[in-house]
Amino acid sequence: MAKVKKLILVTATHHPLHKLFSKLLDELSEKLGVEKEVKYEDYMFLIKYGETDEFGMAGTPQLLVELDDGTIKPVLTQKTMPLTPTLQPDVDKAREMVLNKIKELTGE
């Protein structure tokens, strides 16, 4: 079974969700006891490993996980960020989604 090597955040400081994704990265890397990496506006990395639209273009922010077998997969993106009934980002559900996605990827 694969294990999490590190969490990677690809972001843009001007994006409205930048601080929220950065906070989630810090919390989750500490909780999981794994390394974290931040890349700024690295769209080539996102096109290769992240979520892209129907034209092959990638948007930020995206949180990805790198496994010890070298696999890199997105676990939370701007598009998959859950919202509250008042249409605000739901940080608790986002955290839960990321942890569940990591469990799926690692087979735990």
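User: Is Thr 60 buried or exposed?

Analyst: Start with the scale. Buried means under 20% relative accessible area, exposed means over 50%, and partly exposed lies in between (1.4 Å probe, protein chains only). Thr 60 has 6% relative accessibility, so Thr 60 counts as buried. One caution on the source: this is a predicted model, where local features need pLDDT of at least 70, side-chain atom pairs count only at pLDDT 80 or more, and totals for chains, interfaces and linings use all residues. Residues are numbered from 1 along each chain as its sequence is written, and side-chain values use heavy atoms, with hydrogens and water left out.

User: Where does Thr 60 lie, and which residues is Thr 60 in contact with, leaving aside neighbours within four places in sequence?

Analyst: Elements first. Helices (H or I, at least four residues) and strands (E, at least two) are DSSP runs, numbered from the N terminus. Thr 60 lies in the loop between α2 (43-49) and β3 (62-67). Contact means heavy atoms within 4.5 Å. Leaving aside neighbours within four places in sequence, Thr 60 is in contact with Val 10, Thr 11, Ala 12, His 15, Tyr 43, Leu 46 and Gln 78.

User: How many residues has the largest nonpolar core?

Analyst: A nonpolar core is a set of buried Ala, Val, Leu, Ile, Met, Phe, Trp, Tyr and Cys residues joined through side-chain atoms within 4.5 Å. The largest one here has 21 residues. Leu 7, Phe 21, Leu 63 and Leu 76 have the most contacts inside it. At least two residues each come from β1 (4-11), α1 (18-32), β3, β4 (72-77) and α3 (91-106). The largest share, five residues, is from α1. A second, separate core has seven residues, including Ile 8, Phe 45, Leu 46 and Ile 72.

User: How do β3 and β4 run?

Analyst: Two strands pair if DSSP finds at least two bridges between them. β3 and β4 run antiparallel, joined by five bridges. Leu 64 stands opposite Pro 74 in β4. Four residues lie between the strands of this hairpin, where Gly 70 takes a positive phi near 95 degrees.

User: How many salt bridges does the structure hold?

Analyst: A salt bridge is a side-chain nitrogen of Lys or Arg within 4 Å of a carboxyl oxygen of Asp or Glu. The structure holds eight. One of them joins the side chains of Lys 6 and Glu 66 (3.9 Å, N to O). Lys 6 is in strand β1 and Glu 66 in strand β3, so the pair ties together parts 60 residues apart in sequence. Lys 6 counts as buried at 13% relative accessibility. Glu 66 is buried too, with a relative accessible area of 12%.

User: What about Arg 95 and Glu 27?

Analyst: They form a salt bridge, the closest N and O atoms being 2.8 Å apart. Arg 95 sits in helix α3 and Glu 27 in helix α1, 68 residues apart. Arg 95 is partly exposed, with a relative accessible area of 22%. Glu 27 is partly exposed, at 27%.

User: Which residues do salt bridges that share partners join into one network?

Analyst: The network holds Lys 5, Lys 6, Glu 37, Lys 39, Asp 42 and Glu 66.

User: And Met 44: buried or exposed?

Analyst: Met 44 has a relative accessible area of 62%, so Met 44 is exposed. Met 44 has its place in helix α2.
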